[in-house]
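Trainee: Walk me through this model, feature by feature. Where do I start?

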Amino acid sequence: PGAGGLDPAVGVDLRYFLDASGFSRKMAPMDEPGMIWLDGVFAVNDAAGKRRMVAKYARMKSLGEASERGMMVYDDEKEQFVTVVRDGPEFLLFADSGHPFGVEVGGERYYYFPTPFQLGVRMRVKAAYESAIDPKQYEILTALEIAQDKGKGLRWVSSGALLAGSGLSRHELIAALRKEKDAHCLLYDVETGKAVTPQSGSVYWNAYRGKWVMITVQFGGEASFLGEVWYAEAETPIGPWGYARQVVTHNRYSFYNPKHHPYFDADGGRLIYFEGTYTHTFSGTEPEATPRYDYNQVMYRVDLGDVRVYLPEAVYETTAGEGAARYGMGRSFGARGEPAFYAMRPGRAREDMVAVYAVKADGGGRLATRGAAAGARPVFFGMAAAAETGGEMGALLYEYVNEKTRARRYGVASPGEGWVRGREPLCRVWERPAVSTAGDWLAQPWSE
């Protein structure tokens, strides 16, 4: 739109690549039999400074089995993709790359990949041509231990180091990484607290929300097997993802591989657009297919200023042993704390919510719903203690006082032995979901 294109609310004026007969032509031709699928498409400079568009390809025997995988590069003269690296079915440790997005870490530019099936940002590569075509340079976010590596917990490790030091075969390593990702990458319905399995989708920085936002389709939804679309957001590109809101439903119809298009964002990112593949395949039957629209791309718009997509966020606790704890939201707290529970950010609370402040008290500070100084800004908002909202994840927030030190901590469960719970709850909050709480706190969106 900024270069003379249509307002996406009106439509998208597509230009097709055509063959001599006027039909859409092959964009990734190969001599061998099988469907050719491209994903993980991104642009990098080569050693000579030329801009190259690369993509991971898969030559498929069937919907679920690949004959080979590798890398292709777009040939500007042929206006087609040509192979540059050919390999077996297990080319990358995460076979499917999804929709890459740009991230800057310590002045170094990377492409991060929201690897699908199920969706989780667990792979990245430096934004350079030689890195992009070398499978050993793709880095994996993992807690697996490897030889000659003292790192513990989730951290970025090159594929080459994992293959050399994990003690596992390539096939075993791929299976272990898949199992690890699937255990960590879940969302939770903000209305009911039920777990949602994100199947595929995209992640991009959104300036309006000041967060990384995810659009994903649910695997095994109630109304459709592969057609329920959810919105979620996080402080860093890998999470922690917590609660999500369903934004589109399709009754017995699929809407798979949804992708947010940031270049269509309007009003500073308040309005976002995403498309997906609309088909009865996987979720419905042929007689239910929409005439002339089955297996088309359909685009939707979401208004992120709508209160219905305001989501609870992590409230982090920073404390040293049994000392006084501090609570807050955002990157400054998340980079050095752990999520204690989830609540609503100031400025996004409904009128019926309860403001919680940090106030002075003997032995340090405390959280309270009253007694704050005039003009004080709430730390967060919770639901009224008597409220029944929050689904299975809604829980009462209590103050706990240490019997020895008189230090105070806050949570939905006791911190441990020697902590005495207050008589009355402050409010009702959302529990911390049982998923990974790791964050990539050095990661930033690309600077211009």
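Mentor: Start with the elements: a helix is a DSSP run of H or I with at least four residues, a strand a run of E with at least two, each numbered from the N terminus. Proline 240, for instance, sits in the loop between strand 14 (229–234) and strand 15 (243–248). The chain holds four helices and 29 strands.

Trainee: What ground rules apply?

Mentor: The model is predicted: local features need pLDDT of at least 70, side-chain atom pairs count only at pLDDT 80 or more, and totals for chains, interfaces and linings use all residues. Residues are numbered from 1 along each chain as its sequence is written, and side-chain values use heavy atoms, leaving out hydrogens and water.

Trainee: What share of the residues is buried?

Mentor: Buried is under 20% relative accessible area, exposed over 50%, partly exposed in between (1.4 Å probe, protein chains only). In this chain, buried residues make up 48% of the 448.

Trainee: Which strands form open sheets, and in what order?

Mentor: Two strands pair if DSSP finds at least two bridges between them. Strand 1 (35–45) and strand 4 (80–87) are its edges, each pairing on one side only. For angles, axes are lines fitted to C-alpha atoms (for helices, over the stretch in contact), and values run from 0 to 180 degrees between N-to-C directions. Neighbouring strands of this sheet are turned by 30° on average, direction ignored. Strands 1 and 2 share nine antiparallel bridges. Leucine 38 stands opposite tyrosine 57 of strand 2.

The other open sheet has six strands, ordered 9-8-7-6-5-29, again antiparallel. Strand 9 (155–158) and strand 29 (443–445) each have a single partner, so one side of each lacks a neighbour in the sheet. The twist averages 40° from one strand to the next. Helix 3 (170–184) packs on this sheet, touching strand 6 (108–115), strand 7 and strand 8, and its direction makes about 55° with that of strand 8. Strands 7 (120–126) and 8 (139–142) pair over two antiparallel bridges. There, methionine 123 stands opposite isoleucine 140.

Trainee: How enclosed is strand 25?

Mentor: Eight of the nine residues of strand 25 (394–402) are buried, so the rest of the structure largely encloses it. Four antiparallel bridges tie strand 25 to strand 28 (427–430), and leucine 396 faces arginine 428. Strand 26 (408–411) also takes four antiparallel bridges from strand 25, with tyrosine 400 opposite arginine 409. Strand 27 (419–421) pairs with strand 25 over three antiparallel bridges, with valine 401 opposite valine 420. Strands 25 and 26 form a hairpin with five residues between them; arginine 406 in the turn has a positive phi of about 65°.

Trainee: Where else does a residue other than glycine have a positive phi?

Mentor: Glutamate 79 has phi near 55°. Glutamate 79 lies in the loop between strand 3 (66–75) and strand 4, partly exposed at 31% relative accessibility. Arginine 292 has phi of about 70°. The loop between strand 17 (271–279) and strand 18 (296–303) holds arginine 292, which is exposed at 81%.

Trainee: Is arginine 59 buried or exposed?

Mentor: Arginine 59 counts as buried, at 11% relative accessibility. Its place is strand 2 (51–60). Now polar contacts: these are N or O pairs within 3.5 Å; within protein, one atom must be able to donate a hydrogen and the other to accept it, and residues adjacent in sequence count only if both atoms are side-chain atoms. The side chains of arginine 59 and glutamate 68 make one of 2.9 Å. A polar side-chain atom of arginine 59 also lies 2.7 Å from the backbone oxygen of proline 33. Beyond four places in sequence, arginine 59 touches residues including Met30, Met35, Ile36 and Ala66.

How values were computed:
Contact means heavy atoms within 4.5 Å.
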